[in-house]
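Dear colleague,

I am passing on the structure we talked about, and my notes on it follow below. Please read them with the model open beside you.

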Amino acid sequence: MRHLIDILELSTAEIDGLIAKADDIIANPGQYAHKCDGKILATLFFEPSTRTRLSFESAMLRLGGQVLGFSEAASSSAAKGESVADTARTVSCYSDIIAMRHPKEGAPLVASMHATVPVINAGDGGHNHPTQTLTDLLTIHREKGRLNDLTVGFCGDLKFGRTVHSLISALSRYTGIKIVLVAPEELKLPSYVRQNVLEKNNIPYTQTTDLESVMPELDILYMTRVQRERFFNEEDYLRLKDSYILTPEKLESAKKDLCILHPLPRVNEISVAVDSDPRACYFKQVDCGRYIRMALIMKLLEVE
Ligand code: NCD
């Protein structure tokens with residue numbers, strides 16, 4: 001039985017396989033409509049979500065399966081003090097696969113050690129978010145036709161942004177990747193990611209606070225939200241929340257084939273005026289999320 005807690009648990013060949021499967025699902029959705037008949041997905045969300053939870057549920061429903069779960073800790077026995085381990089054991093009795101989001105780093109890993117069905121990490125604190133990374137990789141592959149030879153800029157909250165940490169890990173295994181980190185001093189990429197991922201794999205990277213100065217270099221611009229819920233005080237959040245706001249003017253010096261991504265939800269960091277720019281790919285990215293999750297559910301349930 002396989003879980004997906006960290007993106008590096010999938011080999012690059014397996015990621016290529018998931019991308020190929022998602023492309024096939026997009027081309028031939030009817031062929032997948034009954035692949036998971038009789039199977040149940042449980043979504044255990046201890047933190048707010050729109051896209052991740054609903055795309056998991058939509059993915060399972062489109063495969064012919066069914067879904068159950070909760071969307072806030074307050075409505076589960078966690079509110080009574082139940083451990084993640086006991087919740088995972090319990091829900092294993094009711095479902096064939098579990099997707100879990102939790103504010104504590106490592107909670108889905110603990111769940112996977114006690115569940116008797118596959119557990120997927122749907123975001124753990126400021127740590128990791130592997131299925132968003134699969135979504136991002138599918139989007140990049142569909143837009144650029146490759147995952148190699150790309151200069152990828154990450155902008156915003158690189159400290160708490162779990163999608164950033166997972167995507168940088170995944171990209172570190174491809175060739176010709178350059179990473180450009182754009183963040184205010186207080187929200188820089190954690191040193192454990194810089195050392196254990198970028199430096200360990202000899203990935204060239206630069207750090208700056210100035211988005212406009214690096215804009216012309218980028219093939220991909222990955223914007224992120226300042227993660228209010230992970231700040232210790234509101235004052236710091238208010239000071240940092242509008243550090244970067246992408247506007248049509250700032251895109252004037254960008255490549256014509258730049259691909260702008262954002263895991264969403266966006267707050268202020270991309271002006272709505274950018275949405276009509278053909279380089280804005282963040283709503284296509286939303287769509288990719290469901291297809292790659294369909295491919296992942298099939299893989300973990302060993303459905304052919
Ligand atoms: C992200 C998350 O939850 O980490 N959202 C998502 O899953 N698409 C990004 C965010 O909340 O800013």
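The C-alpha centres of domain 1 and domain 2 lie 24 Å apart. The contact between them takes 33 residues from domain 1 and 27 residues from domain 2. Please keep in mind that this is a predicted model. As for the bounds, the chain is divided into domain 1, which covers 7-129 + 289-300, and domain 2, which covers 130-285.

Turning to the ligand, the space that it takes is the largest pocket, and the shell around the ligand draws at least three residues from each of domain 1 and domain 2. The residues that surround the ligand are Thr52, Arg101, His129, Gln132, Arg162, Thr163, Arg225, Gln227, Pro263, Leu264 and Pro265.

Which atoms of the protein lie 2.7 Å, 2.8 Å and 2.9 Å from atoms of the ligand? A polar side-chain atom of Arg162 lies 2.7 Å from an oxygen atom of the ligand, and an N or O atom in the side chain of Gln227 is 2.8 Å from an oxygen atom of the ligand. With Leu264, it is a backbone N or O atom that lies 2.9 Å from a nitrogen atom of the ligand. On its own the ligand has 310 Å² of accessible area, and the protein covers 94% of this.

With best wishes

Terms used: Residues are numbered from 1 along each chain as its sequence is written. This is a predicted model: local features need pLDDT of at least 70, side-chain atom pairs count only at pLDDT 80 or more; totals for chains, interfaces and linings use all residues. Side-chain values use heavy atoms; hydrogens and water are left out. A residue is near a molecule or strand if one of its heavy atoms lies within 4 Å of it. A polar contact is a pair of N or O atoms within 3.5 Å; within protein, one must be able to donate a hydrogen and the other to accept it, and residues adjacent in sequence count only if both atoms are side-chain atoms. Accessible areas come from the Shrake-Rupley method with a 1.4 Å probe; for residues, only the protein chains shown count as cover. On a 1 Å grid over the protein atoms alone, a cavity is a set of points where a 1.4 Å probe fits but cannot get out, and a pocket is an open set with protein on both sides within 12 Å along at least five of seven lines; lining residues have an atom within 4 Å of a point. A molecule sits in a cavity or pocket if more than half of its atoms lie within 2 Å of its grid points. Domain bounds come from an automatic or database domain assignment. Contact means heavy atoms within 4.5 Å.
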